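Here is a colleague's note to read beside the model. Take the points one at a time and find each residue as you go.

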Amino acid sequence: MEHKMNFYMPTKLFQEWNVVENHKQELASFGKKALIVTGKHSSRANGSLDDVTKALESQGTEYVIYDQIEENPTIPMVMEAAEVGKTQGADFVIGIGGGSPLDAAKAIALMILNRDSSSEVLYQPLPLRALPVIAVPTTCGTGSEVTPYAILTRDDIQTKQSISHKIFPALALVDPKYLQTAAGSVLVNTAIDALGHLIESYFNTNASEYSRMLCVTGMEVWSAGRNVLLGMEPESEDLDNFMLASSLAGMAISHTSTTLPHGLSYYLTYHKGIPHGKAVGYFLPGYLRLFAEEMDVEVMMVLRTLGFGSLEQFEGFIRECIGTPVITAEEKEQMLDDMMAVERKLKAVPTALTREKIAAIFPDA
């Protein structure tokens, strides 16, 4: 059998406890002044912002903080932060937090360097460079610390969409200790997002031996802590496993992108305010069911790797973790219309698709 490989992962990643302190010289080496991009509360509560500012101060590196990033960042938010970076003379960007600050940091780094450009270039396929980005994740879902994607909320088309530019962080500093203060709902929603990345990347026309290797290892690591998502008190090892699984899943989707569960989730997040990972999770059992006949061996391998004996057991676990959404018939038809228009995600699914097949992956109320 011919092996066709395509693997590219330019982000330098360290995962360990106290990682920012341990690698503060490298963190501060990317420029003279950092724009720190984060949210209003969590990075202060979990200590990550304090760790980063102390590390920069110890190396004599200046910084300015933009802490107004909200969940599902918008284009105006990106442009406002970029203006702060331009005015303050920032020459690199540090994103701290979950997927929202990390994704926003990439788009902000692009707009600072291309200082005379309007926001329209975010979604134009132009050969533009960005300032160096350092990612300090504090949740275990998006894997944005190792992906080139920056997903923003687009009010003009009423959905979420990644910008047209591929911006890998130059450095990722991953510390499980930042999960210690995370709310149980945040841990569940972000861990389910990572699970979506692993499953959607494995069952994907763009998958290769390397990307599937990342998926399988990620599933094994993810599975070790899955009972935490049902309310069990997490041990430090569980937090370590979830962070690792998230980064491995991010590396996998960097090569494959995501498919139907993510594509369908955007409507629920934009229009109904359902957290991203939770919205993705609703469609994961149905996505596996899509391959139950043609790829039954692979489906059972994935289920067993995740620690489940059947698709029904997996579906029960997902329901116990995140419940079942209320989706009206009208909403379902609109979601199907939207999904059928995204040819790139449809092509990534390794089976022949029809509107009826996609409709079948919706969860039963």
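**Notes on the predicted model**

1. Start with E21. At 47% relative accessibility, E21 counts as partly exposed. The cut-offs matter here: buried is under 20%, exposed is over 50%, and partly exposed lies in between. Keep in mind throughout that this is a predicted model.

2. Now look at the partner of E21. K24 makes a salt bridge with E21, and the closest N and O atoms are 3.1 Å apart. K24 has a relative accessible area of 22%, so K24 too is partly exposed. Side chains of opposite charge can pair when their charged atoms come close.

3. Move on to E26. Which residue forms a salt bridge with E26? The partner is K12, with the closest N and O atoms 3.0 Å apart. This pair links distant parts of the chain, as E26 sits in helix α2 (residues 24-27) and K12 in strand β1 (residues 12-15), 14 residues apart. E26 is partly exposed, because its relative accessibility is 24%. K12 is partly exposed as well, at 41%.

4. Next, go to D337 and R355. Their side chains meet in a salt bridge, 2.9 Å from N to O. Here again distant parts of the chain are linked: D337 belongs to helix α15 (residues 329-340), R355 to helix α17 (residues 355-359), and 18 residues separate them. D337 has a relative accessible area of 38%, which means partly exposed. R355 has 25% and is also partly exposed.

5. E333, D337 and R355 are linked in a network of salt bridges. How many salt bridges does the count come to? It comes to 14.

6. Strand β4 (residues 92-97) and strand β5 (residues 133-137) run parallel and are joined by five bridges. One place to look is V93, whose bridge partner in β5 is V133.

7. Check the backbone at N18. This residue is not a glycine, yet its phi is positive, at about 60°. N18 is placed in the loop between β1 and α1 (19-22). Is N18 buried or partly exposed? With a relative accessible area of 41%, N18 is partly exposed.

8. Compare S257. Its phi is near 70°, again a positive value in a residue other than glycine. S257 lies in the loop between α9 (236-256) and α10 (260-272). S257 has a relative accessible area of 17%, so it counts as buried.

9. Now consider empty space. Rolling a probe the size of a water molecule over the atoms shows where empty space is left. A search of the whole structure finds one cavity of 30 Å³ or more. About 90 Å³ of space lies in the largest cavity.

10. What lines the largest cavity? There are 13 lining residues, and Y282, P285, E315, R319 and P363 lie nearest its centre. Helices α12 (284-289) and α14 (311-322) each supply at least two residues of this lining. By class, the lining has seven nonpolar, three polar and three charged residues.

11. Finish with a pocket. The second largest pocket has a volume of about 160 Å³. Its lining has 14 residues, of which A182, G184, L187, E233 and P234 lie nearest its centre. Which helix gives the most to this lining? Helix α7 (residues 184-202) does, with three residues. The lining of the second largest pocket divides into ten nonpolar, three polar and one charged.

Technical notes. Residues are numbered from 1 along each chain as its sequence is written. This is a predicted model: local features need pLDDT of at least 70, side-chain atom pairs count only at pLDDT 80 or more; totals for chains, interfaces and linings use all residues. Side-chain values use heavy atoms; hydrogens and water are left out. A salt bridge is a side-chain nitrogen of Lys or Arg within 4 Å of a carboxyl oxygen of Asp or Glu. Helices (H or I, at least four residues) and strands (E, at least two) are DSSP runs, numbered from the N terminus. Buried means under 20% relative accessible area, exposed over 50%, partly exposed in between (1.4 Å probe, protein chains only). On a 1 Å grid over the protein atoms alone, a cavity is a set of points where a 1.4 Å probe fits but cannot get out, and a pocket is an open set with protein on both sides within 12 Å along at least five of seven lines; lining residues have an atom within 4 Å of a point. Grid points are joined across faces, edges and corners, and a volume is the space filled by probe spheres set on the points. Ala, Val, Leu, Ile, Met, Phe, Trp, Tyr, Cys and Pro count as nonpolar, Asp, Glu, Lys and Arg as charged, and the others, Gly among them, as polar. Two strands pair if DSSP finds at least two bridges between them.
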